[in-house]
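I opened this model to look up its packing. My notes follow the order in which I checked things.

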Amino acid sequence: MIETKLQSSFAQVKLLALDVDGVLTDGGLYYTESGEVCKKFNVKDGKGIKLIMQAGIEVAIISANDSPATNHRAQKLGITNCFIGVADKMIVLQNLCQQLNLSLSQVAYMGDDLNDLPVLKSVGVPLTVADAIPENKAIAMYVTEQLGGQGAVREICNLLLNSMVKAKETATPEFLGV
């Protein structure tokens with residue numbers, strides 16, 4: 001069960017930003033005989049992403065890798081904020097927040113490796129996967145039970161959705177606009 005403080009933080013999230021390799025995938029790189037890189041994405045993660053987008057949470061992908069497979073996956077899921085080949089994830093996230101009129105405190109970011117640390121230190125809800133490096137786990141507000149690429153993103157999506165429901169259940173009439 002998610003603790004109350006964490007649940008409250010999750011309920012404030014307006015944007016879920018995701019790393020790719022090690023978060024949306026298992027971090028493995030699969031090469032064809034011609035040298036093309038293939039990635040394996042989890043269908044359950046995709047369903048979770050679609051559910052939170054339907055609930056009104058923006059989703060962004062921010063990846064240092066420039067794999068076309070990531071763009072294809074983002075398009076398939078309807079994610080319009082897909083940034084690949086990114087050298088500085090923090091700058092990209094700050095620009096996106098400005099475009100969406102959001103503060104970094106309203107962002108949940110999920111990253112598993114060293115290049116994710118600056119972003120994890122800056123957002124309201126830093127998240128990582130069970131098989132992340134220890135530095136990311138030390139900073140994360142929540143570490144998934146699932147491994148990257150194996151349902152970790154769906155786990156976060158479910159927590160976000162549950163937190164939204166709980167926030168509505170405990171909301172005051174003023175909060176609900178009554």
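**Cavity first**

I found that α2 gives the most residues to the lining of the largest cavity, with three. Helices (H or I, at least four residues) and strands (E, at least two) are DSSP runs, numbered from the N terminus. I worked on a predicted model, where local features need pLDDT of at least 70, side-chain atom pairs count only at pLDDT 80 or more, and totals for chains, interfaces and linings use all residues. Residues are numbered from 1 along each chain as its sequence is written, and side-chain values use heavy atoms, with hydrogens and water left out.

A cavity here is a set of points on a 1 Å grid over the protein atoms alone where a 1.4 Å probe fits but cannot get out; lining residues have an atom within 4 Å of a point. Grid points are joined across faces, edges and corners, and a volume is the space filled by probe spheres set on the points. I counted one cavity of 30 Å³ or more. The largest cavity has a volume of about 40 Å³. Its lining is made of L24, F41, N42, D45, G46, I49, R73 and L77. The elements that give two or more residues to that lining are α2 and α3. By class, I noted four nonpolar, two polar and two charged lining residues. For this, Ala, Val, Leu, Ile, Met, Phe, Trp, Tyr, Cys and Pro count as nonpolar, Asp, Glu, Lys and Arg as charged, and the others, Gly among them, as polar.

**Cores**

Next I followed I49, one of the lining residues. Which residues does I49 touch, not counting residues up to four places away in sequence? I listed L18, L24, V59, L77, I79, V153 and C157. Contact means heavy atoms within 4.5 Å.

A nonpolar core is a set of buried Ala, Val, Leu, Ile, Met, Phe, Trp, Tyr and Cys residues joined through side-chain atoms within 4.5 Å. Buried means under 20% relative accessible area, exposed over 50%, partly exposed in between (1.4 Å probe, protein chains only). The largest nonpolar core has 33 residues, of which F10, L16, L18, I49, M110, L127 and I156 touch the most other members. α1, β1, α2, β4 (58–62), α3 (68–77), β6, β7 and α7 each give two or more residues to this core. α7 gives the most, with eight residues. I also found a second, separate core of 16 residues, including I62, L96, C97 and L120.

**Helix α7**

I checked the length of α7 (residues 152–169). Its 18 residues should span 26 Å at 1.5 Å a residue, and its end C-alpha atoms are 26 Å apart, which agrees. The expected span is 1.5 Å times one less than the number of residues. Buried residues of α7 include V153, I156, C157, L160 and M164. The buried residues of α7 pack against α1 (4–11), β1 (15–18), α2 (43–54), β6 (107–110), β7 (125–128) and β8 (142–143).

**Single residues**

Q7 lies in helix α1. I read 15% relative accessibility for Q7, so Q7 counts as buried. Q7 and M164 are 157 residues apart in sequence, yet 8.6 Å apart in space, C-alpha to C-alpha.

L96 sits in helix α4. Is L96 buried or exposed? Its relative accessibility is 1%, so L96 counts as buried.

N101 is in the loop between α4 (89–100) and β6. N101 has a positive phi of about 60° although it is not a glycine. N101 is exposed, with a relative accessible area of 68%.

Technical notes:
On a 1 Å grid over the protein atoms alone, a cavity is a set of points where a 1.4 Å probe fits but cannot get out, and a pocket is an open set with protein on both sides within 12 Å along at least five of seven lines; lining residues have an atom within 4 Å of a point.
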